[in-house]
Every structure is written in structure tokens, then in C-alpha cells.
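Here is a short briefing on helix packing and backbone geometry. Please keep the sequence and the structure in view while reading.

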Amino acid sequence: MPPISEQASRICSHCGLCCNGSLYSAVPLTPADRSKLIAVAEVLVEANGDLAWLQPCAAHDGSGCTVYDRRPLACREYQCGVLDSVAAGSLSAGDAVMLVSQVKSLAQSVAARLSAIDTQQQPKPLYQLLNDFDQHVQLLDPAAQRAMDPALLLTVGTLKMMLGKHFKVLEFADEQPPQSP
Ligand code: SF4
Ligand code: SF4
């Protein structure tokens with residue numbers, strides 16, 4: 001969780017999307033982070049040798065970071081697109097809070113729908129649900145793709161577009177506005 005201006009603090013306390021597994025699958029850790037934070041959560045050693053914590057981050061309590069003063073370097077340096085817009089003056093803090101609420105509500109609805117159709121039957125954070133759903137759709141033959149629920153595709157597409165546009169999630173940066181069913 002990002003810069004600690006008064007405005008950012010207010011917006012982030014309503015959000016948590018960059019900590020709870022909605023935008024990212026993991027928090028990268030430096031060796032210095034690891035030595036400071038090893039007791040907080042298990043460290044995942046990725047295949048390329050990088051260190052990371054899986055998300056949802058164990059240090060997020062639902063409204064903030066419980067290790068704020070010791071948080072990893074990546075968290076210190078991070079600033080999402082919403083905060084970029086507030087810092088640039090193109091979005092007021094009040095509108096940012098409303099935008100965050102709107103995206104969180106949509107995210108909860110999408111997570112519930114994707115969890116219900118997920119074949120692995122195990123709880124997954126939103127980021128993983130979205131990626132697994134994309135893979136699932138890509139593997140379907142064209143007839144099965146055409147038979148999919150258009151309302152679900154519209155909702156998922158709208159969320160991905162908002163995550164790409166407002167939160168700088170790279171995978172969704174080129175997401176086009178979905179067509180209505
Ligand atoms: S360490 Fe803190 S700021 Fe970083 S992802 Fe976890 S809860 Fe968020
Ligand atoms: S996604 Fe942006 S607004 Fe939300 S908690 Fe992270 S930095 Fe704050």
C-alpha cells in the first residue's frame with residue numbers, strides 16, 4: 001500500500017485491492033524485506049529464484065497494512081492508477097472513494113460468479129479467478145464460446161477494463177469496452 005498522503009490514506013482504507021489478491025498474485029520481496037518480515041507470512045520462492053508473498057497478503061487486515069512501517073519495498077514504491085489520477089488533480093479524493101467502492105462491488109459480484117463455476121472447488125482470490133476464467137474461455141471451441149452466458153462475459157469484461165484503466169493492471173490494459181448482450 002502506497003504513499004501516505006492524507007488523501008491516499010483515506011482512499012486506500014476503503015480499498016485494499018492491491019493487497020487482497022484482486023490485482024496481483026504475489027508481493028515481490030527483496031532479501032532485506034524477507035529478513036524483516038519472515039515471521040509475518042510464509043515466503044514463496046518463485047521458480048526464477050525471486051522471493052515473494054502470495055496474495056491475499058497475510059499482513060492486510062481488511063482495512064490496512066498491519067506491517068506498514070516494515071512493509072516491503074514494492075509496497076512502498078507502489079502507486080495505482082487511481083492514486084496517480086488523484087495526485088495529478090484529474091480525480092478528486094471523494095470521486096476516487098466512489099470509484100473504489102464501485103469497482104469493489106463489481107469485483108465481489110464477479111468473484112462470486114466465477115467461484116460458483118470454478119471446477120477446482122477451492123477458494124481463490126479474484127486475480128486468479130479472472131486468469132483461470134480467461135484460460136478456460138480460450139480453450140473452448142468456438143461453438144462453446146458462443147454458448148457462454150453473455151451477461152457473465154459482459155460483467156467480467158467490464159471489471160477487467162476497469163482494473164486495467166484505473167488500477168494499471170497490465171494484463172487488462174488493452175481490454176476493450178465489452179458489448180452488451
Ligand atoms: S505488506 Fe502491507 S502494503 Fe504490502 S501487500 Fe501486504 S498489506 Fe499490502
Ligand atoms: S489499489 Fe490503489 S487505492 Fe486501492 S489500496 Fe491499493 S493503492 Fe490504494
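The model is predicted.

**Helix α1**
- Helix α1 spans residues 6-13. Its buried residues are A8, I11 and C12.
- These three cover an arc of only 95° around the axis, so they sit on the same side of α1.

**Helices α5 and α6**
- Two packed helices are described by the angle between their axes and the distance between the axes.
- α5 packs against α6 (residues 126-139) at an angle of about 55°. The axes are 10 Å apart.
- The angle makes α5 oblique to α6. The crossing of α5 past α6 is left-handed.
- On the α5 side, the contact is made by A107, A111, L114 and S115. On the α6 side, L126, L129 and F133 make the contact.
- By class, this contact of α5 with α6 has six nonpolar residues and one polar residue. No charged residues take part in the contact.

**Backbone geometry**
- Most residues other than glycine have a negative phi, and most peptide bonds are trans.
- The peptide bond from Q55 to P56 is cis. Its omega is near 5°.
- P56 lies in the loop between β3 (51-54) and α3 (73-77).
- K168 is not a glycine, yet has a positive phi of about 60°.
- K168 belongs to the segment after α8 (150-167).
- With 18 other C-beta atoms within 10 Å, K168 is partly exposed.

Notes:
Residues are numbered from 1 along each chain as its sequence is written. Chains are lettered from A and ligands numbered from 1 in the order in which they are written. This is a predicted model: local features need pLDDT of at least 70, side-chain atom pairs count only at pLDDT 80 or more; totals for chains, interfaces and linings use all residues. Helices (H or I, at least four residues) and strands (E, at least two) are DSSP runs, numbered from the N terminus. A residue is buried if 20 or more other C-beta atoms lie within 10 Å of its own, exposed if 12 or fewer, and partly exposed in between; C-beta atoms are placed from the backbone. The arc is that of the directions from the helix axis to the C-beta atoms. Axes are lines fitted to C-alpha atoms, for helices over the stretch in contact, and angles run from 0 to 180 degrees between N-to-C directions. Angles under 35 degrees count as roughly parallel, over 145 as roughly antiparallel, 65 to 115 as roughly perpendicular and the rest as oblique. A crossing is left-handed if the near helix is turned anticlockwise from the far one by less than a right angle, and right-handed if clockwise. Two residues are in contact if their C-beta atoms, placed from the backbone, lie within 7 Å. Ala, Val, Leu, Ile, Met, Phe, Trp, Tyr, Cys and Pro count as nonpolar, Asp, Glu, Lys and Arg as charged, and the others, Gly among them, as polar.
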